[in-house]
Amino acid sequence: MSKEKSEFGVFGLGVMGSSVSINIAEKGYRLSVFNRADAGEEEVVNQFLSDNSHLDNIQGFTDLKSFIESIDRPRKILIMIKAGPTVDLVLNILIPLLSEGDIIIDGGNSHYMNTKRRFELAESKGINFIGAGISGGEEGARKGPSIMPGGKRESYNLVSDVLESIAALDDFGKTCCTYVGPEGSGHFIKMVHNGIEYV
């Protein structure tokens with residue numbers, strides 16, 4: 001009997017990707033996770049599943065096509081990889097395998113102008129793209145980050161339940177996640193946030 005399709009996907013099981021994946025799964029969402037199995041990373045997915053065997057709502061994959069097919073449409077996939085050219089490489093592989101209306105969320109520290117360019121590329125292929133600043137480091141990703149999503153509001157509305165459920169709560173009990181604005185707005189706000197924090 002085939003497993004029920006996942007409601008959400010996470011691409012990349014580094015420190016942040018693993019932490020946010022556990023956060024999502026603990027909120028009760030059916031989750032698919034993917035990590036490449038290149039040299040040195042062969043056991044990343046198996047180790048993640050083993051470490052979190054108490055969560056029976058996670059499926060793990062090292063085959064990208066199987067990962068994508070495991071997610072219910074419109075697919076919602078959060079990319080948690082290091083900002084830079086690798087994001088473009090992943091998008092070039094990922095987008096042709098997706099269907100019109102699917103949603104990619106870049107949760108890395110991408111430069112907002114790159115996010116704007118990627119938003120336009122995805123849109124030209126019928127794919128929704130959200131650039132989301134995620135603040136709080138490993139502990140925040142696990143227990144409740146601040147999330148700053150930018151893109152089309154309609155796209156955000158399709159993922160808002162997941163993002164808002166995993167975000168931190170402020171002193172008034174309100175979620176630390178809200179729609180910021182179009183295209184690269186979320187990553188622009190994250191850049192400003194980082195500048196204030198590090199100064």
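Residues are classed here by relative accessible area, with buried meaning under 20%, exposed over 50% and partly exposed in between (1.4 Å probe, protein chains only). The structure is a predicted model, in which local features need pLDDT of at least 70 and side-chain atom pairs count only at pLDDT 80 or more, whereas totals for chains, interfaces and linings use all residues. Numbering runs from 1 along each chain as its sequence is written, and side-chain values use heavy atoms, with hydrogens and water left out.

At 41% relative accessibility, D38 is partly exposed, and its side chain meets that of R36 in a salt bridge (a side-chain nitrogen of Lys or Arg within 4 Å of a carboxyl oxygen of Asp or Glu) with an N to O distance of 3.5 Å. A search of the whole structure finds 13 salt bridges.

Another of these pairs R30 with E4, the closest N and O atoms lying 3.7 Å apart. Because R30 lies in the loop between α1 and β2 (31-34) and E4 in the segment before β1 (8-11), the pair ties together parts that are 26 residues apart in sequence; helices (H or I, at least four residues) and strands (E, at least two) are DSSP runs, numbered from the N terminus. R30 is partly exposed, at 25%, while E4 is exposed, at 55%.

A salt bridge also joins R117 and D88, whose closest N and O atoms are 3.1 Å apart. Since R117 belongs to helix α5 (residues 112-124) and D88 to helix α4, this pair ties together parts that are 29 residues apart in sequence. R117 is partly exposed, at 40% relative accessibility, and a network of salt bridges links D88, D106, R117 and R118.
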